[in-house]
Number of protein chains: 4
Amino acid sequence: MRKICVVVGSRANYSSIKSAMRAIRNHPDLELQVVVGASALLDRYGSVVDLIERDGFNPAARVYMLVEGETPLTMAKSTGLGLLELPSIFEQLKPDFVLTVGDRFETMATTLAAAYMNLPLAHTMGGEVSGTIDESIRHAVTKFAHIHFPACSQAADRIIKMGERSEDVYLVGCPRIDLVAEVMKNERNGLGPDLFSEGVGELIDLCKPFLIVSQHSVTTEYGEGEKQITETLMAVKSLDIPAIVLWPNADAGSEDVSRGIRKLREHHHDLKMHFFKNLSLDTFISLMRRAVCIVGNSSSAIREGAFVGVPAVNVGTRQQGRQRGNNVVDVDHSREAIGGAIQEQVRHGPYPSQSIYGDGNAGRHIAEILSKCSVRIQKRIRY
Amino acid sequence: MRKICVVVGSRANYSSIKSAMRAIRNHPDLELQVVVGASALLDRYGSVVDLIERDGFNPAARVYMLVEGETPLTMAKSTGLGLLELPSIFEQLKPDFVLTVGDRFETMATTLAAAYMNLPLAHTMGGEVSGTIDESIRHAVTKFAHIHFPACSQAADRIIKMGERSEDVYLVGCPRIDLVAEVMKNERNGLGPDLFSEGVGELIDLCKPFLIVSQHSVTTEYGEGEKQITETLMAVKSLDIPAIVLWPNADAGSEDVSRGIRKLREHHHDLKMHFFKNLSLDTFISLMRRAVCIVGNSSSAIREGAFVGVPAVNVGTRQQGRQRGNNVVDVDHSREAIGGAIQEQVRHGPYPSQSIYGDGNAGRHIAEILSKCSVRIQKRIRY
Amino acid sequence: MRKICVVVGSRANYSSIKSAMRAIRNHPDLELQVVVGASALLDRYGSVVDLIERDGFNPAARVYMLVEGETPLTMAKSTGLGLLELPSIFEQLKPDFVLTVGDRFETMATTLAAAYMNLPLAHTMGGEVSGTIDESIRHAVTKFAHIHFPACSQAADRIIKMGERSEDVYLVGCPRIDLVAEVMKNERNGLGPDLFSEGVGELIDLCKPFLIVSQHSVTTEYGEGEKQITETLMAVKSLDIPAIVLWPNADAGSEDVSRGIRKLREHHHDLKMHFFKNLSLDTFISLMRRAVCIVGNSSSAIREGAFVGVPAVNVGTRQQGRQRGNNVVDVDHSREAIGGAIQEQVRHGPYPSQSIYGDGNAGRHIAEILSKCSVRIQKRIRY
Amino acid sequence: MRKICVVVGSRANYSSIKSAMRAIRNHPDLELQVVVGASALLDRYGSVVDLIERDGFNPAARVYMLVEGETPLTMAKSTGLGLLELPSIFEQLKPDFVLTVGDRFETMATTLAAAYMNLPLAHTMGGEVSGTIDESIRHAVTKFAHIHFPACSQAADRIIKMGERSEDVYLVGCPRIDLVAEVMKNERNGLGPDLFSEGVGELIDLCKPFLIVSQHSVTTEYGEGEKQITETLMAVKSLDIPAIVLWPNADAGSEDVSRGIRKLREHHHDLKMHFFKNLSLDTFISLMRRAVCIVGNSSSAIREGAFVGVPAVNVGTRQQGRQRGNNVVDVDHSREAIGGAIQEQVRHGPYPSQSIYGDGNAGRHIAEILSKCSVRIQKRIRY
């Protein structure tokens, strides 16, 4: 009976690993341990921990580790805080594997705690390319991880090129696509009548054309967030298409983006926009299927977007280097460019589904591999 | 005037970067900022900070970050503690570059603090291969660093293979060799008459054949340290050659090694050994030049050893993968094997000097490059 | 030249010590060192640090120490975080006195860091009685402090009763009253024409009767905050008098209070209320002078209120035990009781000024005493 | 079923609370939760955690919280580290009471974590008077504690004078005396034939006159420890009576005391002394019963010493203000004074037993009271 410890640090994290958590819990040879930390615990990021519990997972520990400030400095300190507490938790839980997700800053705390304590570390979504500090974090986690679960073939190749042993690299697809596939099977999923009782702003008629806007701060462009979101929102406003707008995640600089949104709301009372702090993935995918275009710099537009086939306008550098399907058009932070690209995508309409990031079975593959794989705890670069 | 911040965390760290610190301080276009932390502050590791001050460097900040325990768990927590404090220090000092050294666990705190705060990070001694968690740490630091200063050509090649841009990789040699070269120029350096007033144990006659023993714990073989050092010391004891023995560094497991040494001392009152907590590099190199053989698992035997030409017996896995000169014989943790290899090396005598790890100008090269190089703060893997 | 280090952790903190900081800076025998931490650094609490700099103080260090969550758990962790960083700062600054203010949770970090490091500790506003955990914090700080600056005579007596030496207790009054006295001398202070360009909500006509509402969470009644603020705001709404409402401070539970305010705003679009995150003390006092009544559980209504003579309705337990002037009526968390008491106070009108908490010279007294007093670093209870 | 959480941070801590832990575990209405932290976890302080487990207690959590350095600065940081982790542990364990012991620096971490989280806090050994920072810590803990268990009547009176409610103060005696009473009933306890296989130094013949030396650093006299222990040991050496010497505890400055001991050992090879890192209380009390005198500044000589009746020479300020029996003679840090006082006490011989610090039932009283007492979580000073 192998014990697999998953550390969930944010809403995005959770939907990126949920199907694997489910498969681990259901696997006869595995025992699941869940640790919830960082923004996943916080009310103002939507109390993801409550969602996790409603999904039937029972957190073994909670790590309040975010230092207030949302600056690069506090992002570093938050990682330090996590790194002070996770070791005690791992000592208590004694997992056979620690499974860490992606490339957010708190992932580094999980990674170092596990690796320094000689615990086998498995990593999902390694080997991809993107902007911001996430790019460095992701590859550094790869250099600590013993088992790699990349989501696409280019990523798998990249991990091996970086010096990892090919026998430790398992191309499984992205567990988020597992959830997307489930939603796609089920027409009515997620769009209850009281959708707009959450969030603030206008009611959006989902039977008419509407946009989705999801734009986060870029940590290496700290201080630019307010201007960037303003360009995007002004482009949307000028097109006169109603839009569903998501608040940014907790990265350094998110306060800038939030301020941009708040100011726009205060100064323009006629916005045809509804603002959500968080949406369940079900709801989000269901909306994505109906939206005429998704705008911003979220990875979802590219990853899930390819599977869903939604037209996407990707703004700025945040997703630079990420493998794309046909559904994506890239533009700069200019309201004219953004507006033009949205119009073009609306004209084009939906794209055919592409399976670049998996076919819906990533979680099951991960659980199966973790139940059987052998690990060489002393890593050594191949060349 | 570029400000270069160097974080020194241990005695080994200091001698690995001292010549670069000197060159930075003396460079007309650079300003040196020194932060001292971890074991470099502690009495029981020889108060390296006092040495740093005596060398004319004025620490801008001190970071007490070691959590007591010397286990993998406390090694992780210590890194967390460093990561809580270094960001404030960097915010205060506002360096143009952070220069971090090698691959010890506290290096990761420096690395994350700098990288998360979008400060250009330069890294010495990347790209090498070794055992223990240092192997993962070193390569992970490479994935965060913007400028690389590898010490040997194989290491430089490896860094580029890992996806770094070749224009960011500068093969400069190892700054420790700069110090070794200085000592080699000066016959009488470091061996004052009161050498043996420090440390405990027998007086060793340096005009007759003697050994040096320097053996550290292997973090991925946690719990084995006592047995391992006992094999080495029993091998030395059986040969009846006097030996200078160094206490281990502060890695997880060092307490095991220390206990092994203490027990041997309590049970064998006739040891022809002298035990030093710390030796200045000057003294150490001077001793190395005269020793008939150096035994253990310290990297010095391989790196400086190649330049000095001292016969070396390397024990166990700790230095696996490190580029070697002709002076090294590798053996397992068996007293018979160790004893045999020492005898063989004593018979062979000194080796010709090899410049694998630099020719004595690394520090000057580093300063010069830091004064001029340009940096792309947003990293992106090459492939 | 004695160095006096003041640690400012919040907006309230700052106005409680500002006049002393000014007097210390201007004193020929004193040098002022300012450390800014906790909520005083954060955008969402109004970036008090910017205000501090605009007032001509130059922070020597900044301590990001708030752990997100605003629960009792994170309040404890935040104190721990402060306690990890303040010692290094004190070691760097080497103050002759640390001056700490009042009874907020971060005060404990300042207190322990100073006391454990054998630095003489001076404390303002000790010896008072109140509700919440502040009651315990305040008296515990007294047990660590070497010099006491109580704000009122009852407090001074209480400090001596607790076992402190009477020669270490200096009744100086409250430095906040120094600022109030300045505002009172100057009729037009603080109420510029663009007052309502800050904050959100209705414009309030300051020439007609209006209320001020300032209500914080009660840490020992954690979880009640939303209900409590709702009672107060519904009472105000029912009276149909326009109101200026302040958002709560950063105590555990503040998120509850904020949520109460947000919900009310979403559900009642006809509120005659304007909501401010922060007001400068100048503005606040000027508003207090004109308000027909101040409602809530802020200490200002009682302390500054006595000097100003504003009718006050104090709700709930938070100010229990605080010395009151004639201007205060106490009620429970019931909208009926609150509404009735407001009506009664509005009928009564302004009260005569009382000097219970000082006469406007506290800051100067504190500086003078710190320049001359002797300290017995080894404390010992008197009985 | 009330859950009582005891936090044990050191060897001294453990013997001060062990009998209460036993009584809580055996009480039908109580459940015991044990948290072990600080020096109680560390090999170099004798792995008290192993002892705790051998005594049948099962630690629910371990908190590595000591920051290396043993300076006032690291003592403060260690408290901060504890304060970062204990809240998560308390949240996990959800105790009905936290029981904290005495006045060591880590006690403050337990105290703040519990109090800030609104957990009822019980405190043993409050109200006493001593030197060092412990004096302030002890009284500050009293100001946070909801239930007080003083060890002697003077202490109980003092707690009430400080403003605590008399109904919250329970005079129960000191739980250490419970253990002493057990040892006293049993003549052969603790002195096995292999006693001197532990520690280092000479064998002491326990049938002939011998001394015990136990001297710790004084935190408010930081830097004096080496000189102070040297005076004491030189006095003992000059009398030519064999002595059992204990290494100091982990307070700031202990490294100074240890250095003093180490230097003496290196320079005087003819010492009639045996050095122990730690002794079980059983062994210690059995030795105390036979010793002709106990010398130093440990509280044991005064507290347990009164019950045992051993002649004691108390050196320096550390125990100033502690209630004494007839067995104590006080002297300064002068080898002449110390030597003279020892000779005087040896001439006098054993004193009659006194029950100042309890009669051997403290643990049972504490358990019984915790099972029944009611708590007012909102504290308020009485006057």
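The buried residues of helix H6 of chain B, which runs over residues 153-161, are Ala155(B), Ala156(B), Arg158(B) and Ile159(B); here a residue is called buried if 20 or more other C-beta atoms lie within 10 Å of its own, exposed if 12 or fewer do, and partly exposed in between, with the C-beta atoms placed from the backbone. Because these residues cover an arc of only 160° around the axis, they sit on the same side of H6(B), the arc being that of the directions from the helix axis to the C-beta atoms. Helices (H or I, at least four residues) and strands (E, at least two) are DSSP runs, numbered from the N terminus. Among the elements that cover the buried residues of H6(B) are helix H5 (134-144) and strand E6 (147-149) of chain B. Just after H6(B), Gly163(B) takes a positive phi of about 110°.

Before going further, some conventions are needed. This is a predicted model, in which local features need pLDDT of at least 70 and side-chain atom pairs count only at pLDDT 80 or more, whereas totals for chains, interfaces and linings use all residues. Residues are numbered from 1 along each chain as its sequence is written, while chains are lettered from A and ligands numbered from 1 in the order in which they are written. The pLDDT is the predictor's confidence in each residue, from 0 to 100, and chain A averages 94 on this scale, with 99% of the residues scoring at least 70. The model as such scores ipTM 0.86 and pTM 0.87.

We can now look at chain A as a whole. Chain A holds 13 helices and 13 strands. Its radius of gyration is 20 Å, close to the 21 Å that the globule rule gives for 383 residues, so chain A is as compact as a globular protein of that length; the radius is taken over C-alpha atoms, and the rule is 2.2 Å times the number of residues to the power 0.38. Along its principal axes, the C-alpha trace of chain A spans about 60 × 45 × 40 Å, and buried residues make up 61% of the 383 residues. Two residues are in contact if their C-beta atoms, placed from the backbone, lie within 7 Å; among contacts in chain A between residues at least 6 apart in sequence, 72% join residues at least 24 apart.

Chain A is also divided into domain 1 (2-174 + 358-372) and domain 2 (183-348), with bounds that come from an automatic or database domain assignment. The C-alpha centres of these two domains of chain A lie 26 Å apart, and 21 residues of domain 1 are in contact with 21 residues of domain 2. On the side of domain 1 that touches domain 2, helix H1 (11-26) and H3 of chain A each supply at least two residues, and H1(A) gives the most, with three residues.

Helix H1 of chain A also contains Tyr14(A), which is buried because 24 other C-beta atoms lie within 10 Å. Leaving aside neighbours within four places in sequence, Tyr14(A) is in contact with Val8(A), Ala40(A), Val48(A) and Ile52(A). Of these, Val48(A) is 34 residues from Tyr14(A) in sequence and 8.0 Å away in space, C-alpha to C-alpha.

The chains also touch one another. Between chain A and chain B, 42 residues of chain A are in contact with 42 residues of chain B. Helix H3 (72-93), helix H4 (105-116), helix H5 (134-144) and helix H6 (153-161) of chain A each supply at least two residues of the side that touches chain B, and H3(A) gives the most, with 12 residues. This side of chain A divides into 24 nonpolar, 10 polar and eight charged residues, where Ala, Val, Leu, Ile, Met, Phe, Trp, Tyr, Cys and Pro count as nonpolar, Asp, Glu, Lys and Arg as charged, and the others, Gly among them, as polar.

The contact between chain C and chain A takes 15 residues from each of them. Helix H3 (72-93) and helix H9 (254-267) of chain C each supply at least two residues of the side of chain C that touches chain A, and H3(C) gives the most, with four residues.

Finally, Met117(C) is found in the loop between helix H4 (105-116) and strand E5 (121-124) of chain C, and with 23 C-beta neighbours inside 10 Å this residue counts as buried. Not counting residues up to four places away in sequence, Met117(C) touches Pro87(C), Phe90(C), Pro72(D), Leu73(D) and Ala76(D).
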